[in-house]
Amino acid sequence: MKQFGTMRDSNMLARAIVETMPQPFVVLDEDLCVVAANSSFYETFDINSAHPYPKSLLDLGNGDWNRPAIRQALAAAVSQRIMMEGVEFEQDLGRFGKRIFSITSRLLNIRSANKPNTLLAFADVTEIRQIAVDKQQLLEKAEKLLAHQRVLLQEMQHRIGNSLQIIASILMLKARAVSSDETRRVLEDARQRVVSVATVQNYLHLDAGMDEIDVSSYLTKLCKGLASSIVLDSAPVTLEVSASETRISSQEAVSLGLIVTELVINAIKYAFPVPKPDAKVIINYRAHLTEWHLTVSDNGVGQIAKPPGDISGAGLGSLIIDALAKRLDASVSTISSAAGMSVSITQAGSTSPLVNGAGLHDM
């Protein structure tokens with residue numbers, strides 16, 4: 001490689017390198033006068049390169065550069081030796097329209113010059129800024145659409161809740177009107193399940209718009225609502241909720257809520273045929289990583305055998321529990337004794353074979 005031994009040769013090399021760069025460059029002295037500039041600078045900003053040297057940058061291009069924001073930034077960079085990074089300005093380039101440029105400045109210490117000069121480099125960031133504007137507009141539009149969807153979802157949930165309450169009321173009226181005990185029991189059982197769905201829907205509605213639900217808060221509110229609507233003053237039953245601090249998806253919350261509601265209603269209806277002062281149903285939920293364990297237990301009479309010929313319910317509750325557990329890839333197990341009954345739903349992080357949960361009280 002040829003070595004350039006003279007200052008003149010070195011300057012020529014530097015000018016040749018700068019001249020080949022597509023990015024606009026200009027060198028200013030302490031008075032903001034142009035000492036040198038590359039062709040890209042003149043072409044980009046449509047400036048006549050034949051202007052006499054030295055000429056102030058502020059006088060170039062019909063005074064387009066002589067604006068307060070540019071003038072103050074350049075004065076600080078040149079007189080106070082402050083390096084600029086990303087100072088932006090907008091320039092009307094005529095046939096190219098308005099463009100946005102970012103300026104970067106660096107000091108140049110040249111031996112032949114009494115004082116340091118300032119090199120300005122210009123980067124066209126118009127497209128980048130437009131992309132940012134477009135992105136922001138898209139985000140704002142998406143937020144408006146999501147807000148509209150939330151309103152529609154809340155309206156739909158409200159209508160569903162009202163419809164379920166109407167259906168429950170009709171079933172209650174029908175149950176009171178029929179003379180057959182078996183038909184009455186079937187209608188009352190159907191009403192309880194409609195109430196179950198309505199209760200879950202109501203408490204999910206409180207968290208509308210959320211992708212994940214806090215299990216502890218959700219189960220506490222759910223069981224509080226069940227206690228107020230199902231537990232009778234003449235036969236009080238205490239509901240206790242103990243749940244680890246964890247969050248699950250709204251879809252999982254629906255199935256979990258229906259399982260808990262079904263088991264709680266079943267326990268209240270059948271575990272205490274005779275009022276018991278310390279009657280209690282405990283709902284316990286524990287989770288670790290991808291595994292979770294739900295237990296609903298009571299201190300009632302345990303599983304009661306049905307009288308011969310009684311087919312009411314026909315294990316419908318057990319079928320519902322098993323179906324919901326299967327949706328959650330969970331297994332069901334039941335323990336019953338004279339001291340009470342416990343139903344466990346376990347999700348071990350992988351699909352497990354279901355243990356038949358048939359025979360949950362009188363479900």
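This is a predicted model: local features need pLDDT of at least 70, side-chain atom pairs count only at pLDDT 80 or more; totals for chains, interfaces and linings use all residues.
Residues are numbered from 1 along each chain as its sequence is written, and side-chain values use heavy atoms, with hydrogens and water left out.

Okay, back to E13, which covers residues 340-347. Seven of its eight residues are buried, so the strand is largely enclosed by the rest of the structure. Buried here means under 20% relative accessible area, with exposed being over 50% and partly exposed in between, using a 1.4 Å probe and protein chains only. And when I say strand or helix, I mean a DSSP run, numbered from the N terminus: at least two residues of E for a strand, at least four of H or I for a helix.

Now, who are the neighbours? On the sheet, the order is E8-E10-E11-E13-E12, an open sheet of five strands with mixed pairing. Pairing means that DSSP finds at least two bridges between two strands. The edges are E8 (238-243) and E12, each pairing on one side only. From one strand to the next, the twist averages 10 degrees.

Look at E13's two partners. With E11 (residues 291-298), E13 pairs antiparallel over seven bridges, and Ser297 stands opposite Ser342. E12 (residues 331-337) also runs antiparallel to E13, again with seven bridges. There, Ser337 faces Gly340, and a hairpin of two residues links E12 to E13.

Over at the other end, E8 and E10 (residues 280-288) run parallel, joined by six bridges. One example is Val241, whose bridge partner in E10 is Ile283. Helix H6 (residues 215-230) touches E8 and E10, and its direction makes about 175 degrees with that of E8. Helix H7 (residues 250-270) touches E8, E10, E11 and E13, at about 15 degrees to the direction of E11. Touching means heavy atoms within 4.5 Å; the angles run from 0 to 180 degrees between N-to-C directions, with axes fitted to C-alpha atoms, for helices over the stretch in contact.

Cys33 is buried at 14% relative accessible area, and Cys223 is buried at 3%.
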